[in-house]
Protein chains: 4
Amino acid sequence: MNFASDNSAGVAPQILQSIAAASAGAAAAYGADDWSQRASQRLGEIFDTDIASYLVATGTAANALALSALARPWEAIFCHEESHVHDDECGAPEFFAGGAKLVGMAGYAGKITPDALKETLSRFPRGLVKSSQPAALTLSQVTEAGTVYGLDEIRALAAIAHGAGLSVHMDGARFANALVTLGCTPAEMTWKVGIDALSFGATKNGALACEAVIFFDKRKAEAFPYLRKRGGHTLSKGRLLGAQMTAYLQEGLWLDLAARANAAARRLFDGLVAAAGVRVAWPCQANEVFLITASERLKRWRAAGAVLHDWPTRAIAPEAAPQVDETLFRLVTSFETTDAEIDALLALARADR
Amino acid sequence: MNFASDNSAGVAPQILQSIAAASAGAAAAYGADDWSQRASQRLGEIFDTDIASYLVATGTAANALALSALARPWEAIFCHEESHVHDDECGAPEFFAGGAKLVGMAGYAGKITPDALKETLSRFPRGLVKSSQPAALTLSQVTEAGTVYGLDEIRALAAIAHGAGLSVHMDGARFANALVTLGCTPAEMTWKVGIDALSFGATKNGALACEAVIFFDKRKAEAFPYLRKRGGHTLSKGRLLGAQMTAYLQEGLWLDLAARANAAARRLFDGLVAAAGVRVAWPCQANEVFLITASERLKRWRAAGAVLHDWPTRAIAPEAAPQVDETLFRLVTSFETTDAEIDALLALARADR
Amino acid sequence: MNFASDNSAGVAPQILQSIAAASAGAAAAYGADDWSQRASQRLGEIFDTDIASYLVATGTAANALALSALARPWEAIFCHEESHVHDDECGAPEFFAGGAKLVGMAGYAGKITPDALKETLSRFPRGLVKSSQPAALTLSQVTEAGTVYGLDEIRALAAIAHGAGLSVHMDGARFANALVTLGCTPAEMTWKVGIDALSFGATKNGALACEAVIFFDKRKAEAFPYLRKRGGHTLSKGRLLGAQMTAYLQEGLWLDLAARANAAARRLFDGLVAAAGVRVAWPCQANEVFLITASERLKRWRAAGAVLHDWPTRAIAPEAAPQVDETLFRLVTSFETTDAEIDALLALARADR
Amino acid sequence: MNFASDNSAGVAPQILQSIAAASAGAAAAYGADDWSQRASQRLGEIFDTDIASYLVATGTAANALALSALARPWEAIFCHEESHVHDDECGAPEFFAGGAKLVGMAGYAGKITPDALKETLSRFPRGLVKSSQPAALTLSQVTEAGTVYGLDEIRALAAIAHGAGLSVHMDGARFANALVTLGCTPAEMTWKVGIDALSFGATKNGALACEAVIFFDKRKAEAFPYLRKRGGHTLSKGRLLGAQMTAYLQEGLWLDLAARANAAARRLFDGLVAAAGVRVAWPCQANEVFLITASERLKRWRAAGAVLHDWPTRAIAPEAAPQVDETLFRLVTSFETTDAEIDALLALARADR
């Protein structure tokens with residue numbers, strides 16, 4: 001019953017085999033190898049447009065490097081106040097972007113609203129020298145609350161951002177999970193609705209350590225090779241990344257893995273909500289489940305072997321907030337989550353009231 | 001006949017198997033997994049002292065992060081003028097150390113001399129506010145010229161550095177190759193001669209993407225977990241690194257791999273020097289061969305399939321420098337280098353005059 | 001009727017004379033001159049303790065340098081969300097502190113409350129690697145809303161901060177104005193209630209370009225001379241700063257100037273509030289006046305020659321917020337503000353309804 | 001007999017009067033005042049072209065800010081190895097340019113030679129990702145050895161730099177002294193020979209704290225207002241800078257002051273060289289004198305009241321280097337240097353053998 005994180009999950013066998021296949025013999029260093037080239041080409045096909053793409057080993061690197069290509073040191077990056085870039089990367093975006101300012105916005109269920117974005121931008125007038133200049137908006141898709149922006153929501157935010165001269169970045173650490181939920185194409189969820197740059201995650205969805213930074217506006221990628229190298233993120237045996245991404249994208253593996261994780265989350269969510277004494281924190285829209293229950297009960301589940309995290313409650317509607325003796329908790333599923341694990345937790349929940 | 005770099009070589013089977021073994025099922029994220037813990041413990045045993053160690057995926061990250069733990073933004077880091085940190089990392093050390101100054105020193109065969117170090121330090125008086133304050137010395141072992149510092153040489157440099165209040169870092173991207181050459185223990189080549197922090201490389205010696213940053217003075221490691229995270233170098237599935245390092249250190253694999261690479265370099269060196277028209281640039285002391293021959297001849301070798309790099313000549317004695325029609329070139333061997341490859345190049349050299 | 005800012009005011013004659021007196025003939029460079037030494041000594045006397053003090057030419061430099069001495073690049077600095085350091089310095093604190101994160105907190109009338117501070121700190125657990133580590137709290141005295149923290153308020157916030165291992169900085173750009181209001185000693189408003197470092201402003205209060213950074217905990221000042229130099233803030237003819245500060249502190253000039261400015265603000269405030277159709281935004285506690293009136297009316301005042309700024313309303317109580325046709329505006333007085341200017345605006349306000 | 005530095009000299013009366021005239025009454029803040037506008041216009045006239053100019057209070061700020069506008073964090077700035085930006089600013093250029101690398105080049109008498117520049121640039125190939133990318137060349141005019149580049153020398157270096165895609169910056173801390181020596185126009189010494197950006201110093205030549213950063217290529221100035229603000233270098237009472245620069249440029253004051261300083265240096269140089277036992281280190285071409293004499297003798301001069309600095313000898317021709325018992329020393333003159341001071345030192349030198 002390990003629902004701690006999709007970071008704790010293992011590696012899909014196809015991806016492991018690809019690493020093995022790529023591991024013997026000489027190959028060009030620093031990403032000039034065939035595997036990396038193939039991954040790059042495949043990403044272009046999948047996104048159905050001309051892109052610049054770069055592989056890195058961590059999501060923090062993908063986000064921080066992407067943002068550093070979009071914002072200069074005296075500029076501002078706008079994000080949800082509980083987003084991963086703002087709260088969970090120990091200041092990596094600020095570091096890579098040379099001290100640029102991250103500006104967090106509140107918003108229900110991890111989502112930035114058009115109103116919040118407009119109001120916030122109004123406090124950063126372009127050309128006002130004392131004010132960090134607005135440079136980029138970053139959205140998380142899936143959000144930190146496990147919710148998924150609809151295409152119209154992304155389009156509306158991107159339009160406001162572009163109208164104010166900002167670039168738009170998507171933190172797609174769980175990109176595949178969101179895509180499966182929306183049932184649209186990668187192009188539709190990105191450049192067709194105004195995304196300029198994307199952190200395209202694979203690690204949480206069955207890879208070992210592999211993310212792509214993708215620029216739909218290639219001019220913004222001009223400095224990226226230097227940024228990546230200077231950040232120590234250009235692997236000398238770049239085939240490690242190329243092999244993972246190639247397998248990940250082959251024959252829809254990435255979508256299969258995400259669909260499996262999403263389905264597991266759905267079963268967990270439905271089953272737990274059906275159990276007495278559990279309330280919904282946010283709707284289940286991808287591979288994460290956010291619920292509220294009695295704190296004492298959670299203690300018992302943990303004692304019985306359930307691994308899960310307490311979660312902050314800032315993005316919740318006030319009327320739905322946990323009471324004093326309640327806790328908001330998160331469960332994350334992955335392609336490896338088994339029915340047995342889910343059933344075990346559901347049984348626990350049903351038995352415990 | 002690929003002698004371009006040990007970065008182009010593949011992965012030792014034992015290391016690949018270890019990755020595979022670690023890849024299935026749940027494991028704690030961010031380096032709290034068993035593999036990483038075991039690697040850390042094993043490193044402590046091998047260095048025979050109490051250390052703080054951290055795994056990362058690239059040598060640039062290892063060096064830049066280590067130096068950022070030793071030098072503050074207004075301080076200076078002293079290195080050989082042709083060292084990897086100075087010339088080949090696109091400014092990564094300056095980036096991670098917040099704008100600290102790298103001060104390069106000239107020196108024959110890639111080595112810093114005590115006199116050069118003393119003279120250079122005299123230009124950075126402690127307490128002189130206009131002067132970047134001296135903070136760290138970094139040595140490459142193996143050097144950029146393929147040579148190996150003797151233990152007395154390291155001890156002498158470290159003593160000067162410590163006397164001036166500096167920390168001493170070793171860039172051990174080819175640590176195992178140097179160790180095999182010296183035939184000493186890891187402790188003897190590091191903390192026993194004054195090294196405070198070490199980039200312990202595995203990638204060039206049969207791993208896929210794995211280096212350790214090791215602090216012998218653990219107080220200097222206090223901020224390292226934050227530095228690594230903020231640099232995007234804390235892998236979520238940290239087992240990738242732990243599995244590699246564990247296998248690398250098991251039953252002396254790392255030393256076997258290095259011994260193989262060194263022996264291959266020795267055969268190449270001896271064979272080529274015996275051929276007419278080839279001169280020694282620097283002695284062969286590890287797994288790299290630096291020679292000088294007619295530029296025309298190199299062209300023919302390349303046409304025949306030899307892959308090798310031209311090399312800069314700053315660290316050569318003036319009287320030995322290449323003539324106008326000559327080129328200094330580098331050959332690098334790895335654990336994968338075959339006798340057949342070596343024989344092919346030697347045959348080429350003997351046939352071509 | 002120029003109430004735009006105390007930055008627009010001129011220079012007190014005594015300070016100008018001091019600059020003139022210091023300007024002829026040779027003097028030691030870089031702050032080693034007699035004037036700077038005297039200023040430093042005088043600051044120590046006024047704060048009645050052993051301090052380390054450094055003069056700089058701007059308030060932004062004072063704040064950003066002070067904070068960079070208290071927080072490391074991967075750490076977090078806590079401030080009011082509308083504070084000058086957060087909103088009006090184009091990211092200077094982030095720049096000087098190497099990308100440290102500024103964390104803004106909401107709070108009525110520009111003040112941080114103990115509850116807000118505790119709640120915010122709870123989201124930055126010490127030792128949690130993914131989280132920017134808490135390093136410093138910075139308070140503005142006078143606040144951005146023209147209010148003044150009472151000694152007990154400062155003491156309470158500093159106690160929470162110290163309890164969590166943070167240093168406490170005070171942005172005292174209008175230090176003298178607050179001191180005159182509280183009628184306490186400089187020591188009582190700073191180190192006796194827990195302030196570790198202070199930006200001690202003189203520019204807004206009659207100097208030309210002079211601020212002091214003062215460390216009550218001298219160990220935190222260790223790197224300051226290098227930080228200041230590297231920031232380009234060590235004046236070669238440091239006597240410019242020393243001469244201003246010496247005159248500023250002589251025979252209570254600084255307190256006289258502030259008392260004059262505060263009295264002018266009080267007259268403005270009382271007179272305007274007495275006029276029909278003007279509401280109080282925040283109480284007048286120093287040399288700033290924040291009021292709300294009909295937007296049309298402000299337009300007419302401006303047409304008649306009044307110079308004043310519209311002001312953001314985030315720190316206002318919701319029930320007191322401006323209506324759609326109203327504007328919150330700020331008036332700032334200085335030692336130069338004349339009764340005639342005040343009377344002219346009051347006449348305007350009385351005549352206009 | 002204070003020949004320590006032109007930083008130790010006082011302020012020209014006309015400049016002090018201008019500060020006084022600007023000091024009373026209200027004026028627009030942050031450089032929008034009339035004095036600053038006038039200074040800006042006057043600079044344009046003097047340089048006889050359309051420029052963007054910005055005033056700051058220190059030479060370090062001028063240099064570091066200018067370079068940060070020309071080089072991005074992963075790029076390299078080329079300079080003489082003993083230049084002020086490299087050796088005497090505690091890493092300010094690295095700080096402001098976000099960790100960009102300063103690359104020093106050796107060169108006789110403080111001058112960079114075309115050959116050294118070409119050779120150095122050849123080691124920083126454009127597009128080679130591992131290499132800091134070449135961005136800017138910075139020349140000191142007057143150099144650190146007191147020498148002055150001829151127009152042809154500047155033109156030749158700028159042509160090489162531009163050919164390699166670099167911008168060219170001039171550190172003109174002693175711009176007026178060089179200009180007087182060359183007897184050319186400001187335009188001829190700058191943009192007409194390829195200078196793109198200039199630190200135009202006034203402080204060392206009779207101002208109190210005033211330098212201008214001038215961009216001849218105005219597109220490179222786009223971000224400067226933000227860079228300056230973020231660096232804490234935008235004075236709130238900007239009139240302090242505007243008033244100094246206006247007076248400095250009025251009726252040729254700046255050239256008169258420099259001519260006086262240069263003439264004083266010439267008298268000192270000629271007189272000392274005529275004395276027995278004094279050798280020339282570098283020719284006297286502006287307001288600095290570099291000579292070599294017996295160390296014992298210097299001790300006696302100092303005992304008799306002469307204030308002067310020992311100086312490093314790296315930029316000297318080997319055959320001219322000081323012997324073991326000799327010292328290279330520097331004397332600096334200013335507009336305030338009196339004939340009496342000069343005569344006193346000359347008398348000392350003549351009497352002492």
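1. A polar contact, as the term is used in this note, is a pair of N or O atoms within 3.5 Å, where within protein one atom must be able to donate a hydrogen and the other to accept it. The model discussed here is predicted, and on that basis the count between chain A and chain B is 29 residue pairs in polar contact, both residues of each pair being at pLDDT 80 or more.

2. The contact of chain A with chain B draws 45 residues from chain A and 45 residues from chain B, and the area buried between these two chains is about 3700 Å², with carbon and sulfur atoms giving 62% of that area. Within chain A, the residues F95(A), R230(A) and K237(A) supply 21% of the area that this chain buries against chain B, which is more than any other three residues supply.

3. How many salt bridges does the rule find across the interface of chain A and chain B? The rule finds 0 there.

4. As for secondary structure, the elements of chain A that give two or more residues to the side touching chain B are α1 (13-22), α3 (59-70), α5 (92-96), α10 (224-230) and α11 (239-249).

5. Turning to the other interface, 16 residues of chain D are in contact with 16 residues of chain A, and the area buried between chain D and chain A is about 1400 Å², of which 68% comes from carbon and sulfur atoms. On the side of chain D, the residues that lose the most area to chain A are W74(D), V129(D) and Y226(D), which together account for 46% of what that side buries.

6. Between chain D and chain A there are 8 residue pairs in polar contact, both residues at pLDDT 80 or more, and the rule finds 2 salt bridges across this interface. In one of them E222(D) is paired with R72(A), with the closest N and O atoms 3.3 Å apart. Helix α10 (residues 224-230) of chain D provides the largest share of the side of chain D that touches chain A, namely 5 residues, and that side divides into 8 nonpolar, 3 polar and 5 charged residues.

7. Chain D can be laid on chain A with an RMSD of 0.0 Å by a turn of 180° and a shift of 0.0 Å along the axis, which is the relation of a two-fold axis. In chain D, the C-alpha of G98(D) is the nearest to the axis, at 3.1 Å from it. Because 100% of the interface residues of chain D are also interface residues in chain A, the copies meet through the same surface.

Note on methods:
Residues are numbered from 1 along each chain as its sequence is written. Chains are lettered from A and ligands numbered from 1 in the order in which they are written. This is a predicted model: local features need pLDDT of at least 70, side-chain atom pairs count only at pLDDT 80 or more; totals for chains, interfaces and linings use all residues. Side-chain values use heavy atoms; hydrogens and water are left out. Contact means heavy atoms within 4.5 Å. Buried area is the accessible area (1.4 Å probe) that two parts lose on being put together, summed over both. A salt bridge is a side-chain nitrogen of Lys or Arg within 4 Å of a carboxyl oxygen of Asp or Glu. A polar contact is a pair of N or O atoms within 3.5 Å; within protein, one must be able to donate a hydrogen and the other to accept it, and residues adjacent in sequence count only if both atoms are side-chain atoms. Helices (H or I, at least four residues) and strands (E, at least two) are DSSP runs, numbered from the N terminus. Ala, Val, Leu, Ile, Met, Phe, Trp, Tyr, Cys and Pro count as nonpolar, Asp, Glu, Lys and Arg as charged, and the others, Gly among them, as polar. Copies are superposed by least squares on the C-alpha atoms of residues with pLDDT of at least 70 in both.
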